[in-house]
Amino acid sequence: MGFGEASAKDKAAAKAKAKDDADKKAKEDADWAEKDKGNLKKAARAADAAAKADAKLAAKAEAKELEKAEDEAANSKLSGANKKSAGSAKMTQAEIARRQALMAAMAKPAAKKQVKTVPQPKLEANTNRQQDLVEASGIDAALGRLDVGEKKTKMTYAEFEARELEGIKEENPGLKMSQAKERCFKMWDRSPDNPKNQEK
């Protein structure tokens, strides 16, 4: 054993380590392999589609090769002016006309867009803040809009009490203030001025 060479033990250890690494990699690859049947079928369909596309391209290339070989064979049989030269390409009148039309279309500047002016709409006065104007759709809405200005303000109990308490004291001078207020409250419950009774 020379200087710098590995011993037999080192070589065996390196070989075992390489085998162990290969086994671990194979196991990890197996764990990562696709197991879902749907995904496997999808991958198989994609591979089939790619294979078909490749076969189609190969068939096209082969057809071109065959056509080129036939053209060369046909050219070799022809003589003189009838031979097709690779550099010259004759154009028909239709081809010339088509190319001229394309050039003319490209030479034209972009089609000018005609500016279409729209007449200004008739301006109407803003009627949102006019008090005397009533706009509504439907009978109920119109009646509701008309009644808004005529509604009486709702009376509060304090206003009712101030108005009626003097009358109760004049009719019954011997009542205490609490008794007079109690009678006033009973009258308030039955009064048409009470907002609860107006809703009924």
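In which helix is leucine 146 found? In this predicted model, leucine 146 belongs to helix H4, which spans residues 139-150. Together with Ile139 and Leu143, Leu146 makes a nonpolar surface patch of about 320 Å². The relative accessibility of leucine 146 is 48%, so the residue counts as partly exposed.

The structure holds 3 aromatic pairs. One of them joins tyrosine 157 to phenylalanine 185 in an edge-to-face arrangement, with 5.6 Å centre to centre and 75 degrees between the planes. This pair links distant parts of the chain, as tyrosine 157 sits in helix H5 (residues 157-171) and phenylalanine 185 in helix H6 (residues 177-190), 28 residues apart. Tyrosine 157 has a relative accessible area of 26% and is therefore partly exposed; phenylalanine 185, at 41% relative accessibility, also counts as partly exposed.

Phenylalanine 160 and tryptophan 188 form a tilted pair, for which the values are 5.1 Å centre to centre and 50 degrees between the planes. Here too distant parts of the chain are linked, with phenylalanine 160 in helix H5 and tryptophan 188 in helix H6, 28 residues apart. Both phenylalanine 160 and tryptophan 188 are buried. Tyr157, Phe160, Phe185 and Trp188 form one aromatic cluster.

Methods. Residues are numbered from 1 along each chain as its sequence is written. This is a predicted model: local features need pLDDT of at least 70, side-chain atom pairs count only at pLDDT 80 or more; totals for chains, interfaces and linings use all residues. Side-chain values use heavy atoms; hydrogens and water are left out. Patches are made of residues with over 30% relative accessible area and no salt bridge: like charges are joined within 9 Å, nonpolar side chains (Val, Leu, Ile, Met, Phe, Trp, Tyr) within 5 Å. Accessible areas come from the Shrake-Rupley method with a 1.4 Å probe; for residues, only the protein chains shown count as cover. A salt bridge is a side-chain nitrogen of Lys or Arg within 4 Å of a carboxyl oxygen of Asp or Glu. Helices (H or I, at least four residues) and strands (E, at least two) are DSSP runs, numbered from the N terminus. Buried means under 20% relative accessible area, exposed over 50%, partly exposed in between (1.4 Å probe, protein chains only). Rings of Phe, Tyr and Trp (its six-membered ring) pair if their centres lie within 6.5 Å; planes under 30 degrees apart count as stacked, over 60 as edge-to-face and the rest as tilted.
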